[in-house]
Amino acid sequence: MTAAGLNCVDIAASPGGSPVLRGLSLQIVAGGRTSLVGPSAAGKTTLLRVIAGLQPIDEGRILVNAVAIDHLPPHRRGIAMVFQEPRLLGHLNVLDNVALPLRAAGMPRAARRAIAAERLAEVGLGGLAQRRVQGLSGGEQQRVSLARALSADPALLLLDEPLAALDPNRRGELRRLICDLQEQRRLTTLTVTHDRSEAAELGQRIALMLEGRIVQHDEPRALFERPVSAAVARFFGVANLLGDRGGTLAIRPEHVRLDPLATDRRGVVLEAVYAGDHVRVIIDCDGRRIHAHVAPGAAPRVGEQTGVEFPPEHVWRLPSTSAAAEEATPT
Amino acid sequence: MTEPRGRLGAALIAALFSVPLLALVTRAFADSWRAPALVPQELGLRGVRIAFSGETGTAFLNSLQVATLTVAIALILAWPAARVLGERRLRHPATVFILLAAPLLVPSYAVGSGLTEWFIRLGLDGSTTALVAAHLTFVLPYVTIVLLSGFGPGLTTLEEMARVSGLSPLRRLALVSLPASAPTVAAAALLGFLVSWSDYGSSLAVGGGRPMLPVVLLPFVGADPQVAATLALLFLAPALLFLVLTVRAGRKPL
Amino acid sequence: MSGALLRHPRVRNYARLAPAILTITLLFGGALAGAVRTSVLPLGQDATLATWRSLLHAPELGDAALFTLRTALISTLLAAAVAVAIALAVWRRGTWVRALLALAVPIPHLLVATVAVLWLAPGGLAERVLGALPITLVRDRAGLGVVLVYVYKEAPFLALLLLAAMGQGYREREEACAALGASASQRLRWVTWPTIRGPLVVGSIIVFAYVLGAFEVPLALGPSYPPTLAEYAFNATRGDLISGQSTAAATLLLTSVAAMLLAVLAVRLAKDPQGD
């Protein structure tokens, strides 16, 4: 196996007294980009803070490029972190803010300002070097923050919901910027986001954290279409979990086909709510509720009878573990 | 805050406050406590006897009266002004703030001496009016400043709600404004009371010989430690009481 | 017509401010005016600047001024140093520390002075516990006891100012710099100091201006010579019957003006382009 860029082994941490991370393990290949998702208060930010050294761990090890860092103070771990707020220093101009990590490393002023200017240009803010940070917009400030992190030339880049405070139009640009810069540098990156679809773009792989551990870490398609458990399925919007003799079947609402003429499985439409680009339909099928997303033109009406089809290529059987079987509820 | 450092810090600070208090109490009741003994040789009420044989009782009552009047008047005058300032309704508040801050920088003795001139002409020197007026000069700014921190968008929102619900101005004041600002009013009252209560300079200058507690206390400091300690405890008592009451009032639910 | 005027928001604001503002203007202005008047009108005489002249030529005034300035300077510097130490030590802790510090604020200076004498005078409790003190702290020529009292009272006040400044996003910036490679001492220089510098300077100037007017504390435990400016004024009132009050008024006026000018300086510095 290639050397892991980040390797967290069995981490336990309890900030504020109660355990948040329990036996958490996560590996990212060197140069890889992973998004970390999970319900709020699941411990995502805690994990990032623990890796950065801003919070202590009770147990476990953290290795970056095979070097253990868990006993080192934050400034010696070779990481850089971008937070939800820009956290820039108000008394310095933009360029000096970006140059801060270089100054910390002892680089003389002229050299570090030159490098900082390069980083600033990379994030598209080349002309703003002399400006005060207070005058910048939220998106610009966050880019400065990103440039600052990059100038630290870290072995690992951590981003804690970097786009959450930006308005939706700005998010797309910054998202692409992050991905581009990461790929150019082959910088091992871990990004926390609460947005499932953003996670798919921000990460070559997605890690889902539930109750303090990573339950699945895989390419985005896998989490959306081949979840390992009912909990994962529900988080990624697989609303249909059907128990049968062999275990649990999962199928996404988008893949359910409604055919008025089909005879295998029939049911009555309970709800049909227009949601812009699709209609959310709920069908009562032998006492079970099936969720379907249907194109607006083809949507049935409430009270109608219709046939429900599950195209076999989209049906996924959850891996059978006793936990998975318990969690699936025949609704 | 349960980690050992936190507890040590708490213990340290608690000691910093309680040890001097303990020393005061012990000294006040030690008729004889010659060096280098760490414990008094003789306990007794000599301090109390001497302290109260003079003008102490009168001084206590005078100081109490002046402080209470001063803070009451200050609160009434300060309330409307603090509302304007706290809710940022002024375009150029700087001038007002300068006016509020100036009396606080100048020694209260200077305020007192400057005003005495006029009080003598008006035949008021030594009167309660004169003392209250002199104290008001700096108590009013303190009270205004503390009070304005309790006013702002929070309170105005509540009052708007009350107005929309049909409450008359008087009922709004009684049922919404006062209870909501109670903690701040309590803090302002406490500070105002203590500033007046403990003022030495202007009480000396304006008092015209009228006994006030800090003025009675000072000569004993260094001269007769036991009496000084007794008077100091007396000096401290209303402040402590007021503090307890204010904390209680501040905690009362709406 | 007046109804509409009264309902105008500006007028209502001024009307609300009026009672307090007028009272302060009347009283404070009156005090200053009274002081000026007394300083140029010695007892039973016509207006003259003689008092001012003899005051400004009196060598004792110079001694008093120097002593007052020195006391104020040392008290302020020490209080500032202690305040910074306190702030750095406790900024992570919860609000209970701030509450405790705030407790020190309403304690009267005179009370602190009383306890100080109890502890620090020759034969006092400190001597009994620790053995003879190496230096005199009460009624000493250097006025160290006075300095101690002011440091004890003003350091918590300054610490509270610093802690308030460290409340706004300070922790976040500090963390961010740590996560970018800045060591603890670098963070102190690049994050902490810029954050506390403003309130520390302004607060210190205010403390300095306040201690300039030191009166009852030096009366209680300061040296009999040199006196502080306020003490000098007080002594004058017990001296020459004719010019005493006049001299006192002039001295106090000088002190007051100095204090107010310093405060203006503090405000100017606070509005410095080095951030708000």
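**View 1. Chain pairs in the predicted model.** Of the 2 pairs of chains in contact (heavy atoms within 4.5 Å), chains B and C share the most contacts. Chain A and chain B are joined by no contact, their closest C-alpha atoms lying 10 Å apart. This is a predicted model, in which local features need pLDDT of at least 70 and side-chain atom pairs count only at pLDDT 80 or more, while totals for chains, interfaces and linings use all residues. Residues are numbered from 1 along each chain as its sequence is written, chains are lettered from A and ligands numbered from 1 in the order in which they are written, and side-chain values use heavy atoms, with hydrogens and water left out.

**View 2. The interface of chain C and chain A.** Chain C brings 17 residues to this contact and chain A brings 20 residues. The size of an interface is often given as the accessible area lost when the parts come together. Here the buried area (accessible area, 1.4 Å probe, lost on putting two parts together, summed over both) is about 1,600 Å², and carbon and sulfur atoms give 66% of that area. The rule finds 6 residue pairs in polar contact across this interface, both residues at pLDDT 80 or more; a polar contact is a pair of N or O atoms within 3.5 Å, where within protein one must be able to donate a hydrogen and the other to accept it, and residues adjacent in sequence count only if both atoms are side-chain atoms. On the side of chain C that touches chain A, helices H9 (170–178) and H10 each supply at least two residues. Helices are DSSP runs (H or I, at least four residues) numbered from the N terminus. The residues of that side divide into 10 nonpolar, 3 polar and 4 charged, where Ala, Val, Leu, Ile, Met, Phe, Trp, Tyr, Cys and Pro count as nonpolar, Asp, Glu, Lys and Arg as charged, and the others, Gly among them, as polar.

View 3. A salt bridge places a side-chain nitrogen of Lys or Arg within 4 Å of a carboxyl oxygen of Asp or Glu. The structure holds 23 salt bridges over all chains, and 2 are found across the interface of chain C and chain A. C:Glu175 pairs with A:Arg87 at 3.1 Å, N to O. C:Glu175 also forms a salt bridge with A:Arg49, with the closest N and O atoms 2.5 Å apart. This pair crosses from helix H9 of chain C to helix H1 (residues 44–52) of chain A.
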